[in-house]
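Here are some notes for a colleague who is meeting this structure for the first time. Please read them with the sequence and the model side by side.

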Amino acid sequence: MTLRFLSGGLTGGRIVMLALLVAAAILVPVLNLALPESHPLHVPTYAVTLMGKYLTYALLALALDLVWGYCGILSLGHAAFFALGGYAMGMYLMRQIGTRGVYGDPVLPDFMVFLNWQELPWYWYGFDAFPFAMLIALAAPGLLAFIFGWFAFRSRVTGVYLSIITQAMTYALLLAFFRNDMGFGGNNGLTDFKDILGFDIQSDATRAGLFAASALALAGGLVIAVAITASKLGKVLIAVRDAESRTRFLGYRVEHYKLFVWTVSAMMAGLAGALYVPQVGIINPGEFAPANSIEAVIWVAVGGRGTLVGPIIGAVLVNFAKSWFTAALPEFWLFALGGLFVFVTLFLPKGIVGLAKSAVQRLRRMREPQTPGRETKTPREMAAARPSEQAAE
Amino acid sequence: MLALTLLCAVFAGTVQAQSADDDLRARLNALASGGFDETQRQIDAIAATGDPRAAPALEALSEGDLYFRQSDTAVFIVRKEGSGYRLQDPLTLEDTGTAGRREVKKIRVNNRLRRAIRTALGTLTLRAPDPAARIEAADAIFKAQDVDSIEPLDAALAAETDTDVARHMREARAAAVLASDRPTQDKLEAIATIAARGDRDARSLLTGISNGPDTALHEAANAAIAKVERVQGLWDTARNIWFGLSLGSVLLLAAIGLAITFGVMGVINMAHGEMVMLGAYTTFVVQSLFRTAAPEYFDYSLIVALPAAFLVAGLVGIAIERGIIRFLHDRPLETLLATWGVSLILQQSVRTIFGPTNQEVGNPSFMSGAFEIGQLTITYNRLWIVVFALVVFTVLLVAMKATRFGLYVRAVTQNRRMSASMGIRTPLVDALTFGLGSGIAGIAGVALSQIDNVSPNLGQSYIIDSFMVVVFGGVGNLWGTLLGAFTLGIANKFLEPVAGAVLAKILVLVFIILFIQKRPRGLFALKGRAVDA
């Protein structure tokens, strides 16, 4: 069944991306661990961690593309799901510290001792077990998304309104997690992690392992996304995106389709967050900031909305640029990011992947004996012509 | 004849003052002689004169700065200067030269004397010429429940002409009576007086009494506490409403421009907060110009800043509309991204030009200070902002309902194509509407610069709230924005005492999310075909 879905959705670019991800999952750790540091092909550990971080961002972008690109739901709150997954992982990592914390309490994390708490709050139970923590990393964002979506989609909150209340959701969570009383470390969040599954979180091998896990998770996420979008369900989603009322009149329960893909997307984002936290070593309420969610949207837009491969490319490229700018020209990063937002929305509505596709098509047309005059269209005109296609939204 | 009488009166007055002067000076000088007991007698005598001019000398005595000259036992307030002392006349406070270390001697005090001095000072200040000082003195006695002050208070009350001051004194006297061993009847009267005061201090005072042994007092105190609590409850409600109105007016100012751009044009302008910020920075620049060029007219700087901020933000808004937004009609979600980009660029530009730190924006004199209505303190800047928000709202409402431009804007809102067919230049209307919305945001920035930090992040803190207000109130309806802003503001302030500031905000956000489920188009939804656009 799945295979049939995949055969429909696995186009050239997607196969290449999957192959790249699997190859990276194997090759990068090998190049990092097996080769001596002097070797020209050696990959330094900091680069492994950095790329691992990009890959978790890419998974977040993929999750966002699933709802925005295929279902027309522009979520400005996906960072909330990402951060919830991250907090679940962070709670597991906190429990692993044990007596090695500053206060040496075998059960309570440092910040609870500091706040003079006597016992572990009930919602921290079970987080010493890795499988449970991973379950929650998926279930917590999934449940939040399910409840939120259940209400929102049933009431037919759409478009701009939905975007704004998703933003309100992540903002409310941001404020909530800032509170010390919540029992998630308040302002400082969770940090000072020691080890994961018994491996030292700082060691090269663990970091390489986390990178491989991120690459494989992203590959897995891509397979799931392809399976969903290539199925009949995926076609309905696209119909919802392009003409929601019409789809409803045709007899489809639009809200069910939306709710399904919304929840899957949130869980994917939660997984990304869970992989992100051990690699950066901290999770704090800042991850809930609405600005983070909006930034994730631009990764999708840069790569190409509704292409699945595009968001992965976009997330890695934009974050690579961010790392480079903040190191070399910190003053200009916001100018560059702001300019990117404007440029991409105005001139690249289909993103990098869209640009590449149209370039390929034009090459083909030029090679074959073509209808005259077609290829003289400039990219600007094509961009200008596109809004009319989407006006139906 | 009349002149002669006047002259006589003046002369007599001077003589009288002269003799009082001498009398007081003699008493002050007497402080220098004798032991602690003698000194205390003198302090009481000075207090009995009720002459406020003795206060500085007594204060100096309490702090060990009152010395006497060995040669003639004249008393001075001294200040150490090098190896010697600088002398100050204890009454006139005039400089009377210096003295060597051995020429003067400190008048020693102990703790008992310090207490006596405090009481004496309280009595003296009860007669101070400044009513505010008298009220302060009475309140100090009220807090201390100073039994010894009852008699001085009685004396001061007899002489008091200001009813407000007299009320404070009666309350102070009642508090002192409660602490004294006076008969129950007096104390019952005192309880009634304090209950009438009805504030927090009165309540804590009465709570102390209600635990006492006397049952009659007990009941009276409990009844009084209940009364005070009722009054308190009313004032708390009034306070919450006022704070809510104040917060609501801030929200209204921040959101009203958005109500135009978002509501009328359907454009999600994420750079709206930055328009507010631009307005605030314009205020800063205008004020800097005033400071250097014409500091004496500083109070007028805001009046200049208003049109300047409107122009700056409005022009930037028009530039954004012409440069970006007009290409993105029919793609509302993507204008969101593009304008977010613009907001990042604007923030960073301001950060590059003015630096990342907060800028100092001054309050003109008419906006500083506060006044009190009962137990409610109202600061002038908050009051002006409420007034200003309502004025801006009214002007905008009139502009939309009663002008030709407003008519065009409403026509374009309701049906763009039809308006264009009727000869309305929709691109021009779009640009001007966006400019108007942005300009209003700039004006809001002028007002908000008075109560908030002017930093590059100023706009960020308002953008989410503004969207909440507009979405809650209903897009495209100014009344909805007004109602939404004040509802959210007051709801927030009523939740705050119960839940705490952060939780209150979270609850309001959750409420809005739920409210949108019930009414996906806000309180006042546009009817008709425009809804599906």
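1. The centres of domain 1 of chain B and domain 2 of chain B, taken over C-alpha atoms, are separated by 29 Å, with domain bounds that come from an automatic or database domain assignment. Chain B is divided into domain 1 (31-127), domain 2 (129-213) and domain 3 (236-532). To the contact, domain 1 of chain B gives 7 residues and domain 2 of chain B gives 13 residues, where two residues are in contact if their C-beta atoms, placed from the backbone, lie within 7 Å.

2. This is a predicted model, in which local features need pLDDT of at least 70 and side-chain atom pairs count only at pLDDT 80 or more, while totals for chains, interfaces and linings use all residues. Residues are numbered from 1 along each chain as its sequence is written, and chains are lettered from A and ligands numbered from 1 in the order in which they are written.

3. Between the chains, 34 residues of chain B are in contact with 40 residues of chain A. Helix 13 (332-354) of chain B supplies the largest share of the side of chain B that touches chain A, namely 14 residues; helices (H or I, at least four residues) are DSSP runs, numbered from the N terminus.

4. Within chain A, the axes of helix 3 (residues 45-71) and helix 12 (residues 290-303) come within 9 Å and cross at roughly 75°, axes being lines fitted to C-alpha atoms over the stretch in contact, with angles that run from 0 to 180 degrees between N-to-C directions. Helix 3 of chain A is therefore roughly perpendicular to helix 12 of chain A, a term that covers 65 to 115 degrees.

Terms used. Helices (H or I, at least four residues) and strands (E, at least two) are DSSP runs, numbered from the N terminus. Angles under 35 degrees count as roughly parallel, over 145 as roughly antiparallel, 65 to 115 as roughly perpendicular and the rest as oblique.
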